[in-house]
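Subject: Structure handover

Hello,

Here is the structure I said I would pass on. My notes on it follow below.

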Amino acid sequence: MAIMSAFFGAIADVLPKPILDEHVVKSTFNPFSITALMFLVSAILFTFLIKIISKSKKLSKYKQISFSKIGKNDKIMLLTVSIIEAIATTTFYFGLEKTSATNGAILGNMDIVFTMLIAFIFLKEKLRRYEIFPFLLIIVGSVLVPVFIDTSMHDSSHSSIAGDFLVILSCFFYGIEMLLFKKVGENIGSLRMMEITSYITGITALAAALFFGGIYLGFEETLLEEIPTVLFTGIFGVGISILFLVAAIKIIGPTRSIILFSTTTIFGVMLSYFILSESIRELHVAAVGFIIFGTYFLRGKMAAF
């Protein structure tokens with residue numbers, strides 16, 4: 001389950017790249033409209049699943065509480081998390097416009113670093129001595145190697161470096177989101193939680209698209225061949241990926257799930273190579289190795305978050 005979640009999660013990091021890249025195809029989609037459509041279609045998927053569960057006696061133990069029974073504080077927290085999710089995802093796709101999908105898949109692991117840094121600052125968490133080295137390995141693999149590749153290769157540009165830092169910025173928001181999710185009441189079922197946050201995230205991104213008007217709005221002249229890609233990404237890259245991850249956590253626990261889910265980076269790099277024909281350098285392989293190694297030795301600390 002966790003590995004399937006990682007594979008589908010990698011889809012969301014790779015498939016939208018050609019749509020965003022003006023050098024590949026003249027697209028009318030943009031980070032705001034892609035985020036909006038992805039999360040709205042995943043929200044509909046969650047609503048559909050909740051309806052099926054509510055009508056099935058065999059699945060009665062998975063029945064989700066109604067929105068009206070969710071407490072005020074939890075509603076505020078879900079709203080906050082959803083808005084941050086919208087900011088994080090659109091920022092990631094603005095970065096993906098400028099950098100390679102390979103770098104995006106690797107840089108995306110900085111959410112682990114930011115989650116832990118924020119926990120160290122605000123939750124007074126501490127790293128043990130033996131955890132410092134793997135923590136630094138994740139930083140080296142996630143940031144220093146991809147940025148070094150962009151700054152040292154002749155085919156790179158200031159634009160790609162800017163894209164790298166936008167992806168890193170998105171990871172900062174993802175880190176905040178991960179910690180805030182811990183504050184949401186445990187009585188809210190996973191499906192209901194994902195349904196609510198997906199709707200709010202999608203609506204927030206759509207509102208941003210409408211606010212920025214003709215510059216960023218991408219729905220008016222959307223090419224029909226682009227819509228299936230975004231819908232597929234929303235259903236599998238967001239919806240199914242989350243479902244499999246939640247199921248994995250319940251079956252094998254958070255620690256093992258986190259280790260297996262870290263293979264998202266591997267799948268992201270592989271999909272970038274096979275689907276987008278991006279080149280994979282030795283340093284990319286080294287970066288993935290650093291991240292997997294660091295994640296393995298920090299699995300207990302990450303599961304606690």
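To start inside helix 6: Met110, Asp111, Ile112, Val113, Phe114, Thr115, Met116, Ile118, Ala119 and Phe120 are buried there. Please keep in mind throughout that this is a predicted model. With 10 of its 13 residues buried, helix 6 is largely enclosed by the rest of the structure. Helix 6 covers residues 110–122, and the distance from its first C-alpha to its last is 18 Å, close to the 18 Å expected at 1.5 Å a residue.

Cys171 has a relative accessibility of 1%, so it counts as buried. Apart from neighbours within four places in sequence, Cys171 is in contact with Leu107, Gly108, Met110, Asp111 and Phe114. Phe114 and Cys171 are 57 residues apart along the chain, yet their C-alpha atoms are separated by 7.0 Å.

The protein as a whole

The protein has 15 helices and 0 strands. Of its 305 residues, 49% count as buried. Among contacts with a separation of 6 or more, 87% are between residues 24 or more positions apart.

The salt bridge

A search of the whole structure turned up 1 salt bridge. It joins the side chains of Arg192 and Glu195, at 2.8 Å from N to O. Side chains of opposite charge can pair when their charged atoms come close. Both residues are in helix 9 (residues 190–211), and because they are 3 residues apart, about one helical turn separates them. Arg192 is buried, and Glu195 is buried too.

What makes up the nonpolar surface patch of about 660 Å²? The residues are Ile266, Met270, Tyr273, Phe274, Ile275, Ile280 and Val285. Helix 13, residues 264–274, gives the most to this patch, with 4 residues. Phe274 is in helix 13, and its relative accessible area of 62% makes it exposed.

The loop between helix 13 and helix 14 contains Ser277. Ser277 has a positive phi of about 60° and is not a glycine. Most residues other than glycine have a negative phi. Ser277 counts as exposed, at 63% relative accessibility.

Helix 14 runs over residues 282–297; its 16 residues should span 22 Å at 1.5 Å a residue, and the end C-alpha atoms are 23 Å apart, which agrees. Its buried residues are His284, Ala287, Val288, Ile291, Gly294 and Thr295. Seen down the axis of helix 14, these buried residues fall within an arc of 135°, so they line one face of the helix. On the face turned away from that buried side, helix 14 carries the exposed residues Glu282 and Val285. Val285 is also one of the residues in the nonpolar patch described above.

Regards

Terms used: Residues numbered from 1 in each chain as written. Predicted model: local features only at pLDDT ≥ 70, side-chain atom pairs only at ≥ 80, totals over all residues. Heavy atoms only, no water. Patch = residues over 30% accessible without salt bridge, like charges linked within 9 Å, V, L, I, M, F, W, Y side chains within 5 Å. Areas by Shrake-Rupley, 256 points an atom, 1.4 Å probe, with all protein chains shown as cover. Salt bridge = Lys/Arg side-chain N within 4 Å of Asp/Glu carboxyl O. Helix = DSSP H or I, 4+ residues; strand = E, 2+ residues; numbered from the N terminus. Buried < 20%, exposed > 50% of the residue type's maximum accessible area, 1.4 Å probe, protein only. Expected span 1.5 Å × (residues − 1). Arc of directions from axis to C-beta. Contact = heavy atoms within 4.5 Å.
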